Amino acid sequence: MVKKIAVLTSGGDAPGMNAAVRAVTRGALAKGWEVLGIRNGYAGLLEDEMRALQARDVGGIIQSGGTMLGSARCPEFAEPAGRTRALSILEKNGAEALVVIGGNGSQSGSASLAREGFPVVGVPSTIDNDLYGNDVSIGCDTAINITLEAVDRLRTTASSHRRAFAVETMGRNCGYIALMAGIAGGAEVIALPESELAPEDVAERLRAAYQRGKTHALAVIAEGAKCGVRALMEYYGAHRRSIGFDLRVTRLGHVVRGGIPSAADRVLATRLGAAAVDALAAGAHGVLVGIIRGDAVRTPLAEIAGRMRPADAGLLELARVMAR
Ligand code: F6P
């Protein structure tokens with residue numbers, strides 16, 4: 001039976017990571033285990049940066065964004081030599097299992113450690129929501145809401161000036177944030193990597209909205225979509241007159257993953273952090289704990305590595321009908 005575990009946060013930070021660290025720590029302490037908090041993800045692990053966490057160390061963080069442990073991207077961990085070093089550092093500190101709170105790249109690292117025989121449990125945390133084996137990852141609800149707030153605010157100024165706005169939001173190669181914020185914000189156009197639009201297609205939809213008498217038009221563009229805001233602006237430069245609306249562009253960037261986590265992200269992180277500890281207590285490891293159709297489900301990390309969960313592009317037709 002495990003008596004001492006380590007926990008780290010890795011990759012791009014996501015609102016709710018702190019709530020997950022708190023849940024892992026307090027869930028493990030409640031079982032009488034010791035907990036080591038590793039600083040700065042796999043990079044900190046390779047530098048042996050860890051300290052014991054007690055219940056009070058994770059107090060007052062459920063509502064704070066970012067991660068108290070720090071996070072990093074760590075190319076060395078993708079190399080076998082890096083992982084061998086990591087394993088010896090974990091062993092030296094007496095850690096018998098590791099909980100990795102992070103996204104796709106981080107869970108590929110977990111899968112490699114698991115393959116090399118170390119007990120690891122992954123907790124899906126990324127605003128991108130692109131992890132296989134999980135319906136919604138920690139941080140994504142907050143990122144959607146921040147994007148939505150921007151869309152709502154831009155709509156009022158767009159209407160006043162009879163303009164179109166293109167809003168670019170994060171998500172790497174997954175269009176989930178753009179799709180959800182676009183539907184919730186009643187966007188006239190949503191451009192995703194899962195269903196590409198050319199700049200002329202986006203412009204055509206803006207033109208059609210103008211001709212239908214709309215006083216504004218919003219295009220929500222995922223950062224991974226080929227029709228990026230730059231390509232759209234270039235196209236617009238040459239065709240502005242025939243489109244009707246003037247165009248302004250807002251790139252939200254890292255704003256969408258900053259600040260306080262939503263209630264949904266805090267609850268999700270608390271459930272998943274506790275589920276990771278429960279998995280280890282049940283002797284299950286080499287798994288990602290995710291929520292699938294409302295239930296906490298364990299999926300082997302070997303099945304997750306190298307796969308991606310795309311946004312449901314089928315919903316685009318619904319968004320299109322609603323934007324009439
Ligand atoms: O994976 C999370 C994410 O915020 C992506 O949406 C984005 O493409 C990327 O990280 C940005 O990475 P960085 O924080 O390293 O600039």
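I started at S110, whose side chain makes a polar contact with the side chain of Q107 at 2.8 Å. This is a predicted model, so I'm reading computed values throughout.

**S110.** I placed S110 in helix 4, residues 104–115. Buried or exposed? Buried: its relative accessibility is 0%, and the cut-off for buried is under 20%. Leaving out residues up to four places away in sequence, I found S110 touching Y42, V100, V120 and L301.

**Helix 5.** Next I checked the length of helix 5, residues 140–161. Its 22 residues should span 32 Å at 1.5 Å a residue, and the end C-alpha atoms are 32 Å apart, so that agrees. Which residues of helix 5 are buried? I listed C140, T142, A143, I144, T147, L148, A150, V151, L154, R155 and A158. An α-helix has 3.6 residues a turn, so residues three or four places apart point the same way. I then looked up what the buried residues of helix 5 pack against: strand 6 (163–169), helix 6 (176–184), strand 8 (217–222), strand 9 (246–251) and helix 9 (263–281). Just after helix 5, I noted R162 with a positive phi of about 45 degrees.

**Salt bridges.** How many salt bridges are there? I got eleven. Side chains of opposite charge can pair when their charged atoms come close.

- K31 and D278 meet through their side chains at 3.4 Å, N to O. K31 is partly exposed at 40% relative accessible area, and D278 is partly exposed at 39%.
- R83 and E116 form a salt bridge at 2.8 Å, N to O. R83 sits in helix 3 (residues 80–92) and E116 in the loop between helix 4 and strand 5 (120–124), 33 residues apart. I have R83 as buried at 6%, while E116 is partly exposed at 36%.
- E168 and R251 pair at 3.3 Å, N to O. E168 counts as buried, with 10% relative accessibility.

**Surface patch.** Last, I looked for nonpolar surface and found a patch of about 310 Å² made by L318, V321 and M322. L318 belongs to helix 11, residues 315–322. I noted L318 as partly exposed, because its relative accessible area is 42%.

Key
Residues are numbered from 1 along each chain as its sequence is written. This is a predicted model: local features need pLDDT of at least 70, side-chain atom pairs count only at pLDDT 80 or more; totals for chains, interfaces and linings use all residues. Side-chain values use heavy atoms; hydrogens and water are left out. Helices (H or I, at least four residues) and strands (E, at least two) are DSSP runs, numbered from the N terminus. Buried means under 20% relative accessible area, exposed over 50%, partly exposed in between (1.4 Å probe, protein chains only). A polar contact is a pair of N or O atoms within 3.5 Å; within protein, one must be able to donate a hydrogen and the other to accept it, and residues adjacent in sequence count only if both atoms are side-chain atoms. Contact means heavy atoms within 4.5 Å. Patches are made of residues with over 30% relative accessible area and no salt bridge: like charges are joined within 9 Å, nonpolar side chains (Val, Leu, Ile, Met, Phe, Trp, Tyr) within 5 Å. Accessible areas come from the Shrake-Rupley method with a 1.4 Å probe; for residues, only the protein chains shown count as cover. A salt bridge is a side-chain nitrogen of Lys or Arg within 4 Å of a carboxyl oxygen of Asp or Glu. The expected span of a helix is 1.5 Å times one less than its number of residues.
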